[in-house]
Amino acid sequence: MNILRFLREQAKNYDCSVCGTNHSRSEISVLGKREGAWVVRVACSKCETAITLLVYAGGEKPAAVTPLASGSKRPKRPPLTLDDVLDAHDLLGSYTGDARALFATSERVRSSSTAS
């Protein structure tokens, strides 16, 4: 089995989680193989966002790995807008908490202006 050819065929079924571009033209690199799996880097052809994946193709998978259902895709999210970036900038500019609170669920996040 040619793993790179297999990965390029599979990439057509997935879109970039950042910009939504289909991964059919993304740069795919095999970084190595470990314990029956390949470590793969995928860089989006449009926004250049890179992800590293652990890919199991054929053979036995560890019990913790759950395969995607046939044809399932990650839900598309709209790309970030300039307003999103400005909102994040404003939040971080006035934020005085620690990183753990910053990345907590939205119900628990407080900026210095909303803290009691």
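The legends below describe close-up views of a predicted model. In this predicted model, local features need pLDDT of at least 70 and side-chain atom pairs count only at pLDDT 80 or more, while totals for chains, interfaces and linings use all residues. Residues are numbered from 1 along each chain as its sequence is written, and side-chain values use heavy atoms, with hydrogens and water left out.

**View 1. Strands β2 and β3 form a hairpin.** Strand β2 (residues 37-43) pairs with strand β3 (residues 50-55) in the antiparallel sense over 6 bridges, where pairing requires that DSSP finds at least two bridges between the strands; strands (E, at least two residues) and helices (H or I, at least four) are DSSP runs, numbered from the N terminus. Ala43 stands opposite Ala50 in β3, and 6 residues lie between the two strands, with Glu48 in the turn having a positive phi of about 65°.

**View 2. His23 is buried in its loop.** His23 is found between α1 (3-11) and β1 (27-34), and its relative accessible area is 8%, where buried means under 20%, exposed over 50% and partly exposed in between (1.4 Å probe, protein chains only). Leaving aside residues up to four places away in sequence, His23 touches Ala11, Tyr14, Asp15, Cys16, Val42 and Cys44, contact meaning heavy atoms within 4.5 Å.

View 3. Cys44 is buried at 3% relative accessible area, whereas Cys47 is partly exposed at 30%.
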